[in-house]
Amino acid sequence: MNSLLWYEKPASVWTDALPVGNGVIAGMVFGGIKQERLALNHEWLWRANHRNKDIEVKDRSLEEIRKLFFEGRTFEAGILANEKLGGSGGLSGKKNRVDPYQPLGDLFMNFSHGSVSNYRRQLDMEKAIVSVSYNADGGQFTREIMAHSFYKAIIIRIRASERKINTTIFLSRIEDSECKIKSWAEKNSLGFIGEFTEGITFAVETKIFLKEGSSIIPSKDKSRITIEDAPEVVLVLSASVALDGQDPLVNCRKQIDAVPASTFNALVKTHVEEYQKTYNRVHFMIGKPQDDVPTDRRLSDLRNVSGNESIYALYFNFGRYLLISSSLGAELPANLQGKWNEELNPPWDCDLHQDVNLQMNYWPAEVCNLSECMEPFFRHVERFIPHGKIAAKKLYDCEGIWLPIQIDPWGRATPESRGWDVWTGAAAWLSQHFWWHYEYTLDKTFLRERCYPLLKEVAAFYETYLVPDKEGYLVPVPSQSPENQFIGGTSPVSLCIGATMDMELIQEVLTHAILATEILGIDREKKKEWADILKKLPPLKTGRYGQLQEWLCDYDEVEPGHRHISHLYALFPGEAITLEKTPELARASEVSLERRLAYGSGYTGWSSAWFVCCFARLGKGERALQSLYSLLTKSTTDSFLDLHPPHIFQIDGNFGGTAGIAEMLLQSYDGIIRILPALPFSWSDGEITGLCSRGGFEISISWKNRLPKKITILSRLGGTCRCRLPAPMNVVVTYKNKILLKPDTAVENIQLETKAGCRYDVKTMGQLKKKIYDKM
């Protein structure tokens with residue numbers, strides 16, 4: 001339930017097609033009647049013209065740049081910083097050296113049908129299978145497509161009842177003057193090998209399986225295969241990319257041969273069983289189920305303010321589906337478009353943007369019980385550490401690691417976009433996810449071997465980068481608030497002394513490093529050094545409008561409604577600003593959010609998603625829902641893909657929206673699990689099962705009239721569990737039907753000492769003792 005996207009017509013454009021993927025190979029299914037198109041991708045198919053790019057060594061001018069900043073010559077200092085520390089991309093029309101993600105090719109299936117009725121195209125997210133069905137020529141035709149969750153292959157079945165299948169199948173790739181294609185079609189297979197001018201080669205092949213009585217006829221030019229009189233056709237497609245001179249076809253065929261020669265139904269069984277191990281961990285129900293209404297009509301109804309709340313549960317599940325399909329079993333993390341792209345020169349190169357987009361892609365992973373999906377993210381960061389150390393030294397003469405704002409998968413840390421790339425916060429932000437993984441899993445081996453070494457490298461950079469200002473505070477110079485600009489500063493992004501986001505990142509990474517030393521019992525001297533630095537960081541400030549200042553100076557923005565809200569990092573995804581610990585800063589953050597929106601912010605899908613998360617942290621359920629509504633009605637295609645203006649698919653909004661919904665239902669930070677912290681009025685009744693909290697707990701909640709009825713806590717690792725209800729309530733806590741806790745009065749906070757592997761039930765009784773309604 002709430003796991004079905006379906007439509008009454010084929011997709012006419014790529015952004016309305018339905019995605020399948022297994023982390024490595026991905027496809028977009030159009031569902032055409034006379035011609036089916038499956039647009040294909042492979043996670044490693046990137047151009048590699050700049051695979052070995054390096055830092056362009058310039059004369060170091062950091063001391064001079066800082067001198068200009070401290071003298072108040074901010075614009076002049078920013079110009080010099082961009083010249084000496086930035087890349088040359090965009091300078092005099094010069095392109096950056098970020099290699100673009102590429103389309104693999106297209107599988108086409110041509111059919112000859114008369115009139116068609118009862119058409120249906122659907123994605124069943126509970127099974128990760130796209131299907132197309134319709135009646136034509138006196139029979140029913142069905143196509144099923146899955147990216148197998150165990151084998152590196154896309155498997156397709158075409159069936160017909162009362163009729164036989166006649167189809168012509170071929171593979172092709174978009175016209176590309178820089179890629180040679182050699183195609184073949186013979187016996188029961190067809191495919192091609194591609195080679196880019198820089199030497200990267202790749203192969204895709206489809207093997208055809210038919211039942212007796214069918215005919216298979218390769219074309220004379222060996223470009224396509226025609227199948228006649230087949231009751232059923234099964235296609236097994238795989239692909240491989242060779243980065244270092246190997247034969248990609250050999251590996252491609254190994255992957256096809258690894259698929260067992262069993263029935264399609266048997267392959268579906270293994271696929272679904274493997275996939276549901278992750279997808280079925282979480283279930284979310286709100287509103288009245290509408291699986292009988294086409295998805296595009298449901299979106300249209302929502303835009304006309306007549307939709308059903310259950311569409312948000314559908315959107316939440318789609319985000320989980322995309323995360324599994326792009327990351328589980330992958331070697332590379334989801335890029336700006338996940339693993340799906342049809343263009344040779346996609347927007348922003350379909351790259352890995354590290355100033356919110358890549359991080360947002362993985363915001364839902366831990367809380368949505370998909371911790372395994374983090375592995376390609378971790379590998380990505382670790383792949384860049386060796387060259388990141390070189391970059392820190394060459395660019396800034398600093399120890400530790402520096403990573404750029406935009407990146408491809410080749411492990412080279414270089415600044416590439418003039419005016420944007422003089423920023424030192426990417427490594428710190430990426431390290432947050434390593435710390436999250438420890439917080440959710442309490443895996444000390446991960447902390448010791450992967451998380452802490454990264455934290456230590458990032459901390460080492462700031463140890464050698466921070467300098468004292470005129471008031472004696474330690475500040476980063478130059479600094480920026482991605483990707484914003486203030487009046488009097490450089491364009492397109494203004495550089496300055498101590499942007500708020502950078503200060504928040506530094507505070508967070510040093511705090512995490514200190515906590516890691518305490519847990520592991522190591523580096524006591526380092527702990528003292530980092531603690532001393534924390535004492536010398538300037539405090540966050542409230543500006544003239546009551547907003548959280550975005551920079552150390554209270555500059556006016558060139559664009560008050562800017563899409564980024566970088567300075568609110570400490571509110572979300574960070575946790576230094578909270579309603580309980582820092583109420584004044586929380587209020588200033590709310591003013592910043594409202595001021596941004598008043599000037600038109602939230603006009604990209606990912607920006608709206610970030611607003612959802614921030615409002616949820618402030619306990620503003622209605623405002624969070626309004627941003628979520630904007631995300632779905634203004635920045636979502638009929639196939640639920642997130643959009644960036646004017647009409648560009650950018651997957652981060654899907655993941656950010658999913659994380660935002662989770663934040664509305666469950667939050668865990670500062671050692672407290674918050675139950676239904678930002679529930680809007682219209683979500684009055686519902687249920688969520690299987691969400692995860694920090695500390696190794698799995699939480700399920702059912703609620704009625706906006707109040708929790710039952711909370712189930714699965715303690716994976718044991719330890720103290722502290723829960724906070726939305727208001728004081730009468731409760732009873734049981735374990736195996738035995739009462740553990742039954743306070744005489746209403747309580748808002750519950751504390752349990754738990755055992756590993758044990759499940760505890762919290763049932764609520766009685767009346768609400770105080771109003772919890774969100775005033776907004």
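Reader: How exposed is Lys 526, and where does this residue lie?

Author: Lys 526 is partly exposed, with a relative accessible area of 23%. As for the terms, buried means under 20% relative accessible area, exposed over 50%, and partly exposed in between, using a 1.4 Å probe and protein chains only. The model is predicted, so local features need pLDDT of at least 70 and side-chain atom pairs count only at pLDDT 80 or more, while totals for chains, interfaces and linings use all residues. Residues are numbered from 1 along each chain as its sequence is written, and side-chain values use heavy atoms, with hydrogens and water left out.

Reader: Thanks! Which side chain meets Lys 526 in a salt bridge?

Author: A salt bridge is a side-chain nitrogen of Lys or Arg within 4 Å of a carboxyl oxygen of Asp or Glu. Here the side chain of Lys 526 meets that of Glu 463, at 2.8 Å from N to O. Lys 526 belongs to helix α13 (residues 524-535) and Glu 463 to helix α11 (residues 444-465), so the pair ties together parts that are 63 residues apart in sequence. Helices (H or I, at least four residues) and strands (E, at least two) are DSSP runs, numbered from the N terminus. Glu 463 is partly exposed too, at 26% relative accessible area.

Reader: How many salt bridges does a search of the whole structure find?

Author: The search finds 52. One of them joins Asp 244 to Arg 51, with the closest N and O atoms 3.1 Å apart. Asp 244 sits in the loop between β16 (232-242) and α3 (248-257), and Arg 51 in the loop between β4 (35-42) and α1 (62-70), so this pair ties together parts 193 residues apart in sequence. Asp 244 is exposed, at 57%, whereas Arg 51 is partly exposed, at 21%.

Reader: And what separates Glu 273 from Lys 269 in helix α4?

Author: About one helical turn, because the two are four residues apart in α4 (residues 264-279).

Reader: Now for helix packing: at what angle do α14 and α15 pack?

Author: Two packed helices are described by the angle between their axes and the distance between the axes. Helix α14 (residues 583-598) and helix α15 (residues 605-617) pack at about 150°, with their axes 11 Å apart. Axes are lines fitted to C-alpha atoms, for helices over the stretch in contact, and angles run from 0 to 180 degrees between N-to-C directions.

Reader: Which residues meet there?

Author: Leu 593, Glu 594, Arg 596 and Leu 597 in α14 meet Phe 611, Cys 614 and Phe 615 in α15, where contact means heavy atoms within 4.5 Å.
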